[in-house]
Amino acid sequence: MIRVLVADDHKIVRDGLKRILAASADIQVAGEAASGDEALALVKKNDYDVAMLDMSMPGLAGIDLIKRIKLERPQLRLLVLSMHAEHQYAARALKAGASGYLTKDSAAEQLVLALRKIAAGGVHISEAAAASLVSGGRQPHETLSDREFEVLRFLVEGLGPTEIAERLHLSVKTVSTHKTRILEKLGVGSTAELVRYAIENKLL
């Protein structure tokens with residue numbers, strides 16, 4: 001039996017994922033979390049075979065959440081579910097310790113297969129993310145550190161420095177420093193230009 005933790009801040013998404021998995025006799029949803037902090041607490045207390053993580057949740061999330069969980073439970077297999085097909089998200093998630101990356105629009109068809117593959121020790125990447133990984137040369141946003149990439153993600157979602165600082169447990173000054181570096185590395189002069197860059201490069 002593959003024991004799975006489902007972590008997503010939207011109940012409707014969690015319910016949908018549980019419905020997909022309910023038809024598989026070898027997979028059991030053994031826990032669910034509505035935030036990254038809740039997911040980490042459950043991982044500390046319980047044994048799971050695979051944790052399915054949404055990339056964007058309140059509190060601890062994304063690359064930070066992957067790294068923290070792997071510190072607590074190095075053997076736990078992680079499957080990242082994301083709205084983003086862009087390879088930067090997939091590449092960074094795998095580098096941080098995830099064993100798989102699945103875009104939410106392909107979850108219905110690939111989820112059960114991905115979970116079985118990851119639980120057995122394999123790696124699974126959805127076709128959209130894999131195609132993006134293969135294509136193209138190095139883009140300016142690929143030079144960003146993981147932390148800068150997280151700050152970029154929140155900036156283009158419309159969060160201000162204070163909100164980002166709270167989400168990432170950083171000082172506002174540190175967030176502002178990261179923002180300055182991001183603008184420099186991407187060659188843009190404002191948050192509006194940053195959002196346009198994110199749209200053009202499918203980072204939204």
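Leu79 stands opposite Gly100 of strand E5. This is a predicted model, and strand E5 (residues 100–103) pairs with strand E4 (residues 77–82) in the parallel sense over four bridges. Both strands belong to an open sheet of six strands.

**Sheet**
- The strand order is E2-E1-E3-E4-E5-E6, and the pairing is parallel.
- Strand E2 (27–33) and strand E6 (124–125) are the edge strands, each pairing on one side only.

**Helices across the sheet**
- Helix H3 (residues 62–72) lies across E3 and E4, and runs at about 165° to E4.

**Aromatic pair**
- One aromatic pair turns up in a search of the whole structure.
- Its members are Tyr89 and Phe149, arranged edge-to-face at 5.0 Å centre to centre, with 65° between the planes.
- The pair links distant parts of the chain, as Tyr89 belongs to helix H4 (residues 87–96) and Phe149 to helix H7 (residues 146–156), 60 residues apart.
- Tyr89 has a relative accessible area of 1% and is therefore buried.
- Phe149 also counts as buried, because its relative accessibility is 3%, under the 20% cut-off.

**Arginines over rings**
- Arg92 lies over the face of Phe149, at 4.4 Å from the ring centre.
- Arg153 lies over the face of another ring, that of Phe154, at 4.8 Å from the ring centre.

Technical notes: Residues are numbered from 1 along each chain as its sequence is written. This is a predicted model: local features need pLDDT of at least 70, side-chain atom pairs count only at pLDDT 80 or more; totals for chains, interfaces and linings use all residues. Side-chain values use heavy atoms; hydrogens and water are left out. Two strands pair if DSSP finds at least two bridges between them. Helices (H or I, at least four residues) and strands (E, at least two) are DSSP runs, numbered from the N terminus. Contact means heavy atoms within 4.5 Å. Axes are lines fitted to C-alpha atoms, for helices over the stretch in contact, and angles run from 0 to 180 degrees between N-to-C directions. Rings of Phe, Tyr and Trp (its six-membered ring) pair if their centres lie within 6.5 Å; planes under 30 degrees apart count as stacked, over 60 as edge-to-face and the rest as tilted. Buried means under 20% relative accessible area, exposed over 50%, partly exposed in between (1.4 Å probe, protein chains only). A charge sits over a ring if NZ of Lys or CZ of Arg is within 6 Å of the ring centre and within 35 degrees of the ring normal.
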